[in-house]
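Colleague: I would like to learn how to read a model of this kind feature by feature, with the general idea stated before the particular case. Could we begin with the aromatic rings and go on from there?

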Amino acid sequence: MTSPRKTLGRRRNFASARSSPAPTNNLHISAKIIREISSESSLHRATRSAAAGNRAHVATIELFNTLSGTIEPLSPVGTPALRMYCCGPTVYDYGHIGNFRTFLHVDVLRRVIRQQGIPVNHVMNITDVDDKIIRNAAAAGVPIAEYTARFERAFFEDLDALNIEHPEHFSRATGCIPEMVSLIENLAAKDIAYQTEDGSWYFRIARFPGYGKLSKKDFEGIEDGARVDVDEYEKDAARDFALWKAVKPGEQFWETPLGSGRPGWHIECSAMATKLLGDDIDLHAGGEDLMFPHHENEIAQSESASGKPFVRHWMHVRFLLVEGKKMSKSEGNFYTLRDLLLKGYRASAIRFLLISVPYRNQMNFTFDSLADATAAVEKLRTFAGRISSTSADGAMKSDAWTNRVSEADAKFSAALGDDLNTARALSPIFEFLRWANQQLDNNGNRLRPEYRDAVRELLEKFDGVFAVLEDKDAATTRAALAWAEAEGRINEAAPELVATLSLSDADIDALVAERTQAKKSRNFARADAIRNDLLAKGILIEDSKDGVRWKRK
């Protein structure tokens, strides 16, 4: 997390007037578990087989398309950049780990695409007006802009905490009201949108024959003119849906040619996507919960207005379970990113875990798997540090290093190009780490510079996607503690975490130096006391032939 000033100053372009597979269980970084996670399901094999005959060329990345039900090449059409839209947060509360699993996998996708040399024009919306926001703001007794500002700021802080790249554009819904009105007027002119007695406007789904093509649901029996006015509903409740909701007492509203009111949820994304990316876009991503009704309604609105296919490629990220159960507050297993940080877990480990299970697999989030992810990140960072500290003196020439790096690189890229199989991509990286550590052990940590540089390039490529090697965890957790203190929630932080972060890096360096001097002076009692005091505060000291190192638990 960063301060609001720093976060909001990053690369943000607000389009605003104001200003399948079965659940995957715990992650264990071992060859056996990685094989289990990365193996193809029968559904995966079937969809791959169905798509194989239709491929005119081999793309650098192939991705499952929810619309067609097959794995297809993903590439930009009509422009050099891949135009992609991702449904962002509804800023009525803090984001939970299920939300961020979706945003993280979209981050992986954009990183892989950019790593292949393809520019990305990525839009993410910020829903800052909908039923939940209006209800919560009214309960808090504040305007919706004031209510949402707090959670919007928190969302950007959480993106930064998880090292998620910012899209090229963020678009607030309230900044695109004129575009929504124009889109509804277009639909009304075609007699697809109609106004009711209370002044609201609805989409007549009987006028869109393709309704249901994304969610694979047959809606032919729905009575023409039956309506649903809430934003979220089940497939069995499908009716003509609200495009514009007439003003109600106490609600914020806009004066428009449509009448006084505010937009329905679904029209917001259609208007923002087409405003910033055009009438037809390459890819649209979101969580699987948005497939119906939200994405289905986006298709109906957008294609009815433009007469063109709205999106070529649809990507949906599966739900996650928590300890084998659906995440819910009633189950006591509902976690925001901030909840986990205050428990003492590292942002880098949370990122690693949430993306280590492929996006089309339902993930089972467990605290054992989070501990494994922490160990895996530490192993990667330790290896990166070891490579940097190798000595070239007396190092032998060996083609094995070149071959092993090349093999790991090729397998890593192939796995990510194959429907973003992140689990399979991890396997060659950790296999290489095991082999390389053994070689360095056998050769006194000596390595020729050309091999060292090749390994560094491999690690840079890996980290260009997984983004966990840079250690910013202490600063992120310290920011979470500062937030908790400001919000009156510091009692939710683990006591040992508060103790650990009461010491700055400079404080620890000074104590380690004092301990080293005490040992030289044969004051072993003082040296042991410093070590034990640091250990009690979660600081581990490692004495080695290369000197003293320390790390936080």
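Modeller: Rings of Phe, Tyr and Trp, the last through its six-membered ring, are taken as a pair if their centres lie within 6.5 Å, and the angle between the planes sorts them, under 30 degrees as stacked, over 60 as edge-to-face and the rest as tilted. Please keep in mind throughout that this is a predicted model.

Colleague: How many aromatic pairs does a search of the whole structure find, and how is a pair described in general?

Modeller: The search gives 24 aromatic pairs. In general, one describes a pair of aromatic rings by the distance of the centres and the angle of the planes. Tyr335 and Phe367, for example, are edge-to-face, with 5.4 Å from centre to centre and 90° between the planes. The two residues are 32 apart in the chain, Tyr335 lying in the loop between strand S15 and helix H10, and Phe367 in helix H12. Tyr335 and Phe367 are both buried. A tilted pair is formed by Phe352 and Phe466, whose centres are 6.1 Å apart and whose planes make 45°. This pair also links distant parts of the chain, since Phe352 belongs to helix H11 and Phe466 to helix H15, 114 residues apart.

Colleague: Which residues form one aromatic cluster, and over which rings do the charged ends of Arg338 and Arg360 sit?

Modeller: The cluster consists of Phe100, Phe103, Phe155, Phe156 and Phe170. The charged end of Arg338 is placed over the ring of Trp483, 4.9 Å from the ring centre, while that of Arg360 is over the ring of Phe64, at 4.1 Å from the centre.

Colleague: What should I look for in the largest nonpolar core?

Modeller: The general idea is that in soluble globular proteins nonpolar side chains tend to be buried together. Here the largest nonpolar core has 147 residues, and those with the most contacts inside it are Leu109, Phe352, Phe365 and Phe432. Once neighbours within four places in sequence are left aside, Phe365 is in contact with residues including Ile97, Leu320, Val322, Glu323 and Leu370. Another core lies apart from the largest one and has eight residues, among them Leu503, Leu511, Leu534 and Ile539.

Colleague: Are the two faces of strand S5 covered or open?

Modeller: In a regular strand the side chains alternate between the two faces of the sheet. In S5, both faces are covered, with His169 and Ser171 buried on one side and Phe170 and Arg172 buried on the other. S4 and S5 pair in the parallel sense over four bridges, and Ile126 stands opposite Arg172.

Colleague: Why is one side of S15 and of S16 left without a neighbour in the sheet?

Modeller: The open sheet concerned has three strands in the order S15-S14-S16, with mixed pairing. S15 and S16 stand at its edges and each has a single partner strand, so one side of each lacks a neighbour in the sheet. S14 and S15 pair in the antiparallel sense over two bridges, with Val322 opposite Lys325.

Colleague: What remains to be read from the backbone angles?

Modeller: Most residues other than glycine have a negative phi, and most peptide bonds are trans. Asn163, in the loop between H6 and S5, has a positive phi near 60° and counts as partly exposed because its relative accessibility is 23%. Lys216 likewise has a positive phi, near 60°, and is exposed, with a relative accessible area of 52%. The peptide bond from Phe292 to Pro293 is cis, with omega near 5°, and Pro293 is found in helix H9.

Conventions. Residues are numbered from 1 along each chain as its sequence is written. This is a predicted model: local features need pLDDT of at least 70, side-chain atom pairs count only at pLDDT 80 or more; totals for chains, interfaces and linings use all residues. Side-chain values use heavy atoms; hydrogens and water are left out. Buried means under 20% relative accessible area, exposed over 50%, partly exposed in between (1.4 Å probe, protein chains only). Two strands pair if DSSP finds at least two bridges between them. A charge sits over a ring if NZ of Lys or CZ of Arg is within 6 Å of the ring centre and within 35 degrees of the ring normal. A nonpolar core is a set of buried Ala, Val, Leu, Ile, Met, Phe, Trp, Tyr and Cys residues joined through side-chain atoms within 4.5 Å. Contact means heavy atoms within 4.5 Å.
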